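Hi there,

Here is the structure I promised to pass on to you. Have a look at it first, and then read my notes below with the picture open beside them.

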Protein chains: 2
Amino acid sequence: MSANKRMRKGITLKNEMQPDRKLDERESAILNAIVYEYILTGKPVGSRSFVHKYSFSLSPATMRNIMFDLERMNFLMQPHTSSGRVPTDKGYRYYVDSLLDNYNFHEMVIDEKIFQREVQLDKIFESVTKMLSITSNYAGVMLSPRPDFTVVKLIELIQLESSEVLLIAITRTGMILTRKVAISVRVTQDELFEYSKFLTGELCGYSLHDIKERIFENLRLDKLLSSNRELALDIAQIAFNETTDSTINIDGIENLLRIPEMVEEKRLNSLLNIIEEKNILKNILETQIESDGVKIMIGEEIENDRVTGCSLVASSYKIGNKPVGAIGVFGPTRMDYEKVVPLVDYTGKAVSGLLTKMSK
Amino acid sequence: MSANKRMRKGITLKNEMQPDRKLDERESAILNAIVYEYILTGKPVGSRSFVHKYSFSLSPATMRNIMFDLERMNFLMQPHTSSGRVPTDKGYRYYVDSLLDNYNFHEMVIDEKIFQREVQLDKIFESVTKMLSITSNYAGVMLSPRPDFTVVKLIELIQLESSEVLLIAITRTGMILTRKVAISVRVTQDELFEYSKFLTGELCGYSLHDIKERIFENLRLDKLLSSNRELALDIAQIAFNETTDSTINIDGIENLLRIPEMVEEKRLNSLLNIIEEKNILKNILETQIESDGVKIMIGEEIENDRVTGCSLVASSYKIGNKPVGAIGVFGPTRMDYEKVVPLVDYTGKAVSGLLTKMSK
DNA sequence: TATTAGCACTCAATAATCATGAGTGCTAAT
DNA sequence: ATTAGCACTCATGATTATTGAGTGCTAATA
């Protein structure tokens with residue numbers, strides 16, 4: 001008898017994980033409902049009230065048996081004996097995967113004008129993160145494109161001091177990079193103007209990365225350069241050599257501080273770590289650039305010792321077909337995925353569209 | 001009999017504030033020691049242990065009498081009857097004023113190289129706030145100079161699209177302002193180069209404020225302008241018309257979250273308000289620009305409903321003799337003023353020195 | 001007259017006890 | 001396979017005592 005079997009296992013295997021098997025339809029529905037309920041209330045889900053609240057035509061006892069099975073398969077856990085059940089990371093994962101399977105990523109009503117009003121790129125980054133945090137009520141994050149892979153459109157040199165030149169590079173997306181370069185020779189404003197035209201001519205259309213890696217070599221090899229042009233190249237080479245790294249924007253930390261469970265010891269520490277050391281989130285987001293669509297990292301799936309009990313819903317965004325950066329929403333494991341997932345998905349697509357349009 | 005007098009007042013006047021009078025030396029010393037002790041421990045200071053710890057040659061009873069007097073004069077208060085005393089805002093104020101009187105603002109050992117390594121202005125702002133927060137263990141804040149009052153050194157126009165021009169203004173302090181301006185006429189790169197020279201010639205040496213308020217008028221009145229120059233002026237006028245506001249940098253909020261008393265209800269709210277709405281701190285700091293030296297705002301002295309139980313130690317900084325911005329340390333009222341005050345003072349002077357040097 | 005010892009009183013904080021109720025697992029009946 | 005029933009667990013919250021550091025006031029003292 002399976003009740004017997006269950007009983008015996010209940011005694012001997014209680015803490016042993018059960019080999020994975022496919023959940024039947026009822027189990028699946030119940031697991032998802034439990035996770036849903038827990039996300040809603042934050043309280044361990046117990047058999048009696050749960051059966052009642054969701055009008056399952058099941059007795060609490062049966063529910064207990066099912067919950068017991070789900071626990072043995074590591075989808076659920078009990079904070080302490082004789083308390084209700086709480087989802088494990090694996091439980092959340094199951095829930096989220098079902099969500100992603102079923103979700104119809106249809107249009108959402110986010111005003112695209114938020115984006116279109118902004119002109120300067122870093123303002124866009126700011127307003128996107130702010131929008132993400134406000135509409136999700138968690139923290140919004142955005143990883144800017146690696147400037148390395150943005151394409152230069154225009155280069156301009158300006159004299160600052162007799163021995164200092166400012167190089168301004170404007171990219172297709174409208175990013176403005178400025179670099180001061182010290183020079184030893186005196187040059188006139190008119191000469192600089194010439195250099196600018198020369199540099200723009202040679203470097204326009206290439207990415208910073210290409211410029212750094214190949215262009216200078218090629219130019220120096222292929223052509224007989226006048227000493228003037230040589231100097232122009234020197235300046236540019238110094239300017240572009242400095243590594244430019246992508247930046248991370250985070251907004252809405254205060255939302256997280258308003259969530260009671262985030263202010264508890266370990267999670268508060270995760271949070272403080274993240275405020276203090278933005279690179280943590282940056283590294284995490286960087287792993288998401290290459291993957292398509294919405295990606296969700298739950299609890300320990302975020303492989304960073306300093307972050308526990310948190311989740312990240314992320315999406316890359318593209319310029320044309322090339323993924324260049326990522327956005328996301330960061331919050332507690334018990335997050336309203338149902339709301340956040342489509343938000344991140346939609347925003348990612350909107351940002352892609354906008355940047356693609358801008359860089360034409 | 002004064003004991004009698006005290007007694008009677010103790011009954012009838014207990015909660016009535018006593019008119020101000022000058023504290024005698026012993027009272028003064030004791031008050032300061034109480035505040036000091038409270039800053040140290042965070043626990044209400046009681047007569048017995050206090051007398052013992054600080055080896056006063058006084059009995060606890062006498063100490064109680066003195067504390068009673070100090071309470072009547074509103075320097076101290078009791079969280080509840082029969083608990084030790086806690087400083088009021090006025091008590092902190094007294095303590096801090098004594099500190100300021102006695103403090104010898106001698107050299108501190110902060111590595112000035114922190115500043116000198118940075119070239120770009122906003123990097124400096126970031127590193128100053130970071131430094132303030134790290135060395136104080138509270139939150140560091142910095143209000144940038146009002147760009148309005150920075151002096152333009154150079155103007156450069158760059159063609160972006162056929163109908164869009166980028167104006168770059170470089171200020172004496174090395175700040176780089178960029179503005180996109182839409183134009184209806186077609187111009188060549190060479191013409192823009194001409195305009196740039198013209199604009200630099202006319203506007204160099206004036207502050208943004210002056211440029212906005214007077215220069216354009218004057219130029220248009222005094223000279224017969226070619227239509228070209230007219231266009232150049234139009235572009236500049238549009239670019240400069242956009243109000244540029246000073247920015248606020250805040251760093252080290254996480255330090256505040258590590259202080260238990262800051263995480264309690266009302267103060268946590270002050271904190272959240274400040275994270276959410278940076279303008280609050282900005283407005284507060286703005287009131288400090290004009291005042292010289294270190295200013296301290298304690299508790300309710302910060303006249304903002306959304307901030308309670310906090311203090312700000314601030315100092316303005318100058319370019320030459322003109323105060324242009326402010327820095328500060330923000331933390332709980334129970335702050336280690338003795339450490340923070342000289343830090344802010346020194347940093348203010350260092351920033352002044354640096355900016356003054358940069359703008360020469 | 002200023003200080004202090006002594007006393008009665010207050011009150012926050014802690015620990016100890018108890019009741020409650022929502023939960024469990026297991027057995028046996030359906 | 002499901003469920004009713006039962007004994008058991010345990011977090012939570014209320015209640016009560018205990019303790020200890022504090023107070024204010026009186027009366028004695030230097």
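**Domains in chain A**

Let's begin with how chain A is divided up: the domain assignment gives domain 1 (7-102), domain 2 (113-145 + 246-358) and domain 3 (148-241). Please keep in mind that this is a predicted model.

Take domain 1 and domain 2 of chain A next. Their C-alpha centres are 29 Å apart, and the contact between them takes nine residues from domain 1 of chain A and 12 residues from domain 2 of chain A. If you want to find the domain 1 side of that contact, look for helix 2 (25-41) and helix 5 (89-102) of chain A, the elements that give two or more residues to it. Helix 5 of chain A gives the most, with six residues. By type, the residues on this side of domain 1 of chain A divide into six nonpolar, one polar and two charged.

**A sheet of three strands in chain A**

Now for some strands. As a bit of background, strands of a sheet pair through backbone hydrogen bonds, either parallel or antiparallel. Chain A has an open sheet of three strands in the order 4-5-6, and here the pairing is antiparallel. Strand 4 (152-161) and strand 6 (176-182) of chain A are the edge strands, so named because each pairs on one side only. From one strand to the next, the twist averages 20°.

Zooming in, eight bridges join strand 4 of chain A to strand 5 (residues 164-171) of chain A. You can check one of the pairs yourself: A:Val152 has A:Thr171 in strand 5 of chain A as its bridge partner. Helix 8 (residues 189-203) of chain A lies across strand 4 and strand 5 of chain A, and runs at about 160° to strand 4 of chain A.

**A sheet of five strands in chain B**

Over in chain B, five strands form an open sheet in the order 7-3-10-9-8, with antiparallel pairing. Its edge strands are strand 7 (248-251) and strand 8 (294-298) of chain B. On average, neighbouring strands of this sheet are turned by 20° against each other, direction ignored.

Strand 9 (residues 310-319) and strand 10 (residues 322-332) of chain B run antiparallel and are joined by 10 bridges. One of the pairs to look up is B:Ile319 with its bridge partner B:Lys322 in strand 10 of chain B. Helix 7 (residues 121-136) of chain B lies across strand 3 (139-143), strand 7 and strand 10 of chain B, at about 150° to strand 3 of chain B.

**How the two chains meet**

How many residues of chain B are in contact with chain A? There are 18, and they touch 18 residues of chain A. The elements of chain B that give two or more residues to this side are strand 4 (152-161), strand 5 (164-171), strand 6 (176-182), helix 11 (253-257) and helix 12 (265-276). Strand 4 of chain B gives the most, with four residues. This side of chain B divides into 12 nonpolar, one polar and five charged residues.

The same surface serves both copies, as 100% of the contact residues of chain B recur in chain A.

Note on methods. Residues numbered from 1 in each chain as written. Chains lettered and ligands numbered in written order. Predicted model: local features only at pLDDT ≥ 70, side-chain atom pairs only at ≥ 80, totals over all residues. Pairing = 2+ DSSP bridges. Axes fitted to C-alpha atoms, helices over the stretch in contact; angles between N-to-C directions. Contact = placed C-beta atoms within 7 Å. Nonpolar A, V, L, I, M, F, W, Y, C, P; charged D, E, K, R; others polar. Domains from an automatic or database assignment.
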